[in-house]
Amino acid sequence: MSSSIFPLSDGASWSPEDHCFMAHALRLAEKGMYTTDPNPRVGSVVVQGNEVVGAGWHQRAGGPHAEIAALRDARGRAAGATVYVTLEPCSHHGRTPPCADALIEAGVHRVVAAMQDPNPRVAGQGLERLRRAGIEVSCGLLAREAERLNQGFVKRMRLGLPFVRSKLAMSLDGRTALASGDSKWITGDAARRDVHRLRARSSVIVTGIGTLRADDPFLTARPNDATELEQPARVILDSRLRSPPNARVFQQPGRTLVLTTASDPRARQALLDVGAEVLEVEPDGAGRPDVAAVVRLLGRLEFNEVLFEAGASLNGALLSAGVVDEWVVYLAPCVLGDEARGLFRLPGLAGMADRPELAIVDARRVGSDMRLILRSSG
């Protein structure tokens, strides 16, 4: 490889080999895409010379962190090695002992971290502990890629809020369903498989009572590329507790929550009897769950990535409240006509100056459909 270096703002430098080994660690971190919640996805490699002697990733909360898995895989060959890790090693006792201490005990020479841990309990303390032990430390290599891998965890640690997506599927004329409500299927098989991957990486899937009663969805993730999968939790926004206890969503494994503004004891008990959690949330002006309050609650419940799959009313409320970080829109090459249902219900737009504007940040073909990713242009 070339001997050129990549300068850092603090005067340190990274070689092309450093980039290659950190990229390897990032690919390992992706293996935990569907399983680590509420923890971040982290990968690590142990390198002697230019040889990877140990590799690992964090597989699930409560299990070994990536550095520990990599040290175990190195089998005693970590002394004097360089360790690459996609997130700063922890310095506190949580469900597992501090990774910084394990690296010190293993006698590693150098640690390269992609980014500092945004968790206030760590926030630079792990790197400082390594420095005090005489280990050469640098941080920031492929930081943008590392942060993108953990957008939800990073946002929740910094702001107390999850990363929020809303998934929509529409026809060429911007319709989501026929006037009758029939929407199966607007998009093709490839797009639906892509949605299941999006669901699988999410901590929780949220829908409204209208969608629940009209479609009776499972709200489960069934990606075909998952060797291991923790099903996301499910949330129903149900202002008047009209969720039928025999709905399929309540028959799925894992956690299901109903967020409501009502206090009907009988309806609440019926949902509790089928294993649901029922929580009251702050109402909006129409008496429905306030979407900003819902997002704050999901952050407190330690959900990193939230996926809304909802109808025009709820998506209109989300758009108006400005709580969605990313809109994922699947565009199918079909036409449903002007009597079909639209994407957003936005009453009160008086003129073009009032229209919400979004920016397309990615556009690609998925099977016969297009997938657009949009964010606020403000």
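User: What kind of crossing does α2 make as it passes α3?

Analyst: α2 passes α3 in a left-handed crossing. That word applies if the near helix is turned anticlockwise from the far one by less than a right angle, and right-handed applies if clockwise. A quick note on the source: this is a predicted model, where local features need pLDDT of at least 70 and side-chain atom pairs count only at pLDDT 80 or more, while totals for chains, interfaces and linings use all residues. Residues are numbered from 1 along each chain as its sequence is written, and side-chain values use heavy atoms, with hydrogens and water left out.

User: Why are α2 and α3 called roughly parallel to each other?

Analyst: Helix α2 (residues 66-74) and helix α3 (residues 99-106) pack at an angle of about 25°, their axes 9 Å apart. Angles under 35 degrees count as roughly parallel, over 145 as roughly antiparallel, 65 to 115 as roughly perpendicular and the rest as oblique. So α2 and α3 are roughly parallel.

User: Which residues of α2 and α3 meet?

Analyst: From α2 come Glu67, Ile68 and Leu71, and from α3 Cys99, Ala102, Leu103 and Ala106; contact here means heavy atoms within 4.5 Å.

User: What makes α3 roughly parallel to α4?

Analyst: α3 and helix α4 (residues 125-132) pack at about 20°, with axes 9 Å apart. That is why α3 counts as roughly parallel to α4. Their crossing is right-handed.

User: Why is the pair of Phe21 and Tyr84 called tilted?

Analyst: Rings of Phe, Tyr and Trp (its six-membered ring) pair if their centres lie within 6.5 Å; planes under 30 degrees apart count as stacked, over 60 as edge-to-face and the rest as tilted. The centres of Phe21 and Tyr84 are 5.4 Å apart and the planes stand at 40°, so this pair is tilted. Phe21 sits in helix α1 (residues 16-29) and Tyr84 in strand β5 (residues 82-85), 63 residues apart.

User: How do you know whether Phe21 is buried or exposed?

Analyst: Buried means under 20% relative accessible area, exposed over 50%, partly exposed in between (1.4 Å probe, protein chains only). Phe21 has 11% relative accessibility, so Phe21 is buried. Tyr84, with 3%, is buried too.

User: What makes Trp327 and Phe344 an edge-to-face pair?

Analyst: Their planes are 80° apart, with 5.3 Å from centre to centre.

User: And why does Phe344 count as partly exposed?

Analyst: Phe344 has 28% relative accessibility, so Phe344 falls in the partly exposed class. Trp327, at 3%, counts as buried.

Note on methods. Axes are lines fitted to C-alpha atoms, for helices over the stretch in contact, and angles run from 0 to 180 degrees between N-to-C directions. Helices (H or I, at least four residues) and strands (E, at least two) are DSSP runs, numbered from the N terminus.
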